[in-house]
Amino acid sequence: MEKENNQNRRVGVAMDYSSTCKSALKWAANNLLRHGDHLILIHVESPNSDTPTKLLFQHTGSPLIPFEEFREIKLEKQYGLSNDAEVLDILDKLATTKGVKVMAKVYWGDPREKLCEAVEDLNLHSLVLGSRGLGSIKRVLLGSVSNYVVKNASCPVTVVKGKPLALPDSKS
């Protein structure tokens, strides 16, 4: 599949269930995703996490997890992911009202590197992520994930700061 093809676009959203990631997901839902698009939630877990599937998939990332499976509680045991009612509600609406195919993938390691790896691995047309809004000193010491990804990803990257503005016909 070529990235230039506008049919079945593949849009990634970095997800750690923080308010900034939820804002990024809402922004993508309201402004970017169209009928038939594929939305892939990208989770990057700590390399120190102790989940059963980490040993199997720590170098390649997990297989793509379909939305139906993503909703199941066993994901917490397998991948260390916990479900969030607000996120599931947004994903449900995208799947039913816009016909968006929702999936998830889990990586283990440095979020900066793994998000850029995911762009290539998943052949993403676009990546959306939330900004934690670090101050300049913390950003220098810790490094900004969003700055790194914007500079190094091979697809367009949208960084969402704060709460997204809802479209007039949207209730989110």
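Both Lys22 and Asp84 are buried, a label given to residues under 20% relative accessible area, with exposed meaning over 50% and partly exposed in between (1.4 Å probe, protein chains only). The two residues form a salt bridge whose closest N and O atoms are 2.9 Å apart in this predicted model; a salt bridge is a side-chain nitrogen of Lys or Arg within 4 Å of a carboxyl oxygen of Asp or Glu. This pair joins distant parts of the chain, since Lys22 sits in helix H1 and Asp84 in the loop between H4 and H5, 62 residues apart. Helices (H or I, at least four residues) and strands (E, at least two) are DSSP runs numbered from the N terminus.

Lys22 also forms a salt bridge with Glu86, the closest N and O atoms being 3.3 Å apart. Here helix H5, which holds Glu86, is linked to helix H1, which holds Lys22, across 64 residues. Lys22 counts as buried because its relative accessible area is 14%, whereas Glu86 counts as partly exposed because its relative accessibility is 34%. Together, Lys22, Lys26, Asp84 and Glu86 are linked in a network of salt bridges. The structure holds 8 salt bridges. Another of them pairs Lys114 with Glu117, with the closest N and O atoms 3.3 Å apart; both residues lie in helix H6 (residues 111-121), about one turn of the helix from each other.

Attention now turns to the nonpolar residues. A nonpolar core is a set of buried Ala, Val, Leu, Ile, Met, Phe, Trp, Tyr and Cys residues joined through side-chain atoms within 4.5 Å. The largest such core has 31 residues, and Val13, Leu25, Leu39, Leu41, Phe70, Leu91 and Val128 have the most contacts inside it. Elements giving two or more residues to this core include strand E1 (10-14), helix H1 (19-31) and helix H5 (85-97). Apart from this core lies another, of 16 residues, among them Ile40, Met103, Leu127 and Cys155.

Confidence is given as pLDDT, the predictor's confidence in each residue, from 0 to 100. The chain has a mean pLDDT of 83, and 81% of its residues reach 70 or more. Among the elements, E1 has the highest mean (97) and helix H7 (residues 136-142) the lowest (44). Where pLDDT is low, the predicted coordinates should not be read in detail.

Residues are numbered from 1 along each chain as its sequence is written, and side-chain values use heavy atoms, leaving out hydrogens and water. In this predicted model, local features need pLDDT of at least 70 and side-chain atom pairs count only at pLDDT 80 or more, while totals for chains, interfaces and linings use all residues.
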